[in-house]
Amino acid sequence: MRVAILQRHEPLANGSGIEILDLALALANLEQEVGLFFVDAGVLQLWAGQTPAACARKDHIKTYGALGFYDLEQVFVCAASLAKYGLAAADLVIPVTALDSSDLPQALGRYQQVINT
Amino acid sequence: MANFLIYVTQPAYDSDAALQVYRFATAALAQQQPVLGVFFHQAGVTHSNGFNRPLADEPDHFHYWQALQQAGIPLLVCATAASRRGIRAAEVASAEQPAVAGNLHPAFQLSGLTEFAALAATATRVVQL
């Protein structure tokens, strides 16, 4: 089963940051093929400059670094969203593939399920 | 024939999820399309809070959830997400802590993301509400 997870929210908007990451890992752990897509404010979830402790939150951002152990390497960000927030791929905690808006539908279309946030 | 897994992330009362899930699931069952379960995650876990109580003249959503559970559809609540949002099952007293009364509504059962992943792997379609 190929599952895409679409993260649209900034880190502290709701609980989806850590919870949707846990969902991705649970799916990958059962050998489902998972693709992570970060769009709009969702690109901020990967920003390396976050200080969750200062916001009374657990630091789950380092968990993104463990994605490789689960063979979860399909991580996409919207290039326009990165630009909107003044970020470059180098500002993110893990390597990503930046997609133009026009390429996003096709990239998403490869997956059989899309889970939204 | 399609198997459905329903994934609920929208909260109780502050969203329309309860009625939408009920309508979708009953329509699926009427067409002999199995619903493997309803999995509650993120804010969706709040549907399982046994303390939810509408006013006397307001509809009671537990009526809808109980109907689905009685039709054989498991209502699975992510235990971690539930605990974060103040929903727990009853716990007997132990050396570490006193007994906890619990507020998980009886139509629901605690579960985990591993079970969600296992069901998602067999579902034809995951429907998110």
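## Around S48(B)

S48(B) sits in the loop that links β2 (35–40) to α2 (62–70) of chain B, where helices (H or I, at least four residues) and strands (E, at least two) are DSSP runs, numbered from the N terminus. This is a predicted model: local features need pLDDT of at least 70, side-chain atom pairs count only at pLDDT 80 or more, and totals for chains, interfaces and linings use all residues. Residues are numbered from 1 along each chain as its sequence is written, chains are lettered from A in the order in which they are written, and side-chain values use heavy atoms, with hydrogens and water left out.

With a relative accessible area of 0%, S48(B) is buried (under 20% relative accessible area, 1.4 Å probe, protein chains only). Its side chain reaches the backbone oxygen of V45(B) at 2.7 Å. Beyond its neighbours within four places in sequence, S48(B) is in contact with V77(B), I87(B), N103(B), L104(B), H105(B) and F108(B) (heavy atoms within 4.5 Å).

## The sheet in chain B

Five strands of chain B form an open sheet with parallel pairing, in the order β4-β3-β2-β1-β5; two strands pair if DSSP finds at least two bridges between them. At the edges are β4 (109–111) and β5 (125–128) of chain B, each pairing on one side only.

Strand β3 (residues 75–78) of chain B runs parallel to β4(B), and three bridges join them. Here is one detail to look up: C78(B) has S111(B), in β4(B), as its bridge partner.

How values were computed. Buried means under 20% relative accessible area, exposed over 50%, partly exposed in between (1.4 Å probe, protein chains only). A polar contact is a pair of N or O atoms within 3.5 Å; within protein, one must be able to donate a hydrogen and the other to accept it, and residues adjacent in sequence count only if both atoms are side-chain atoms.
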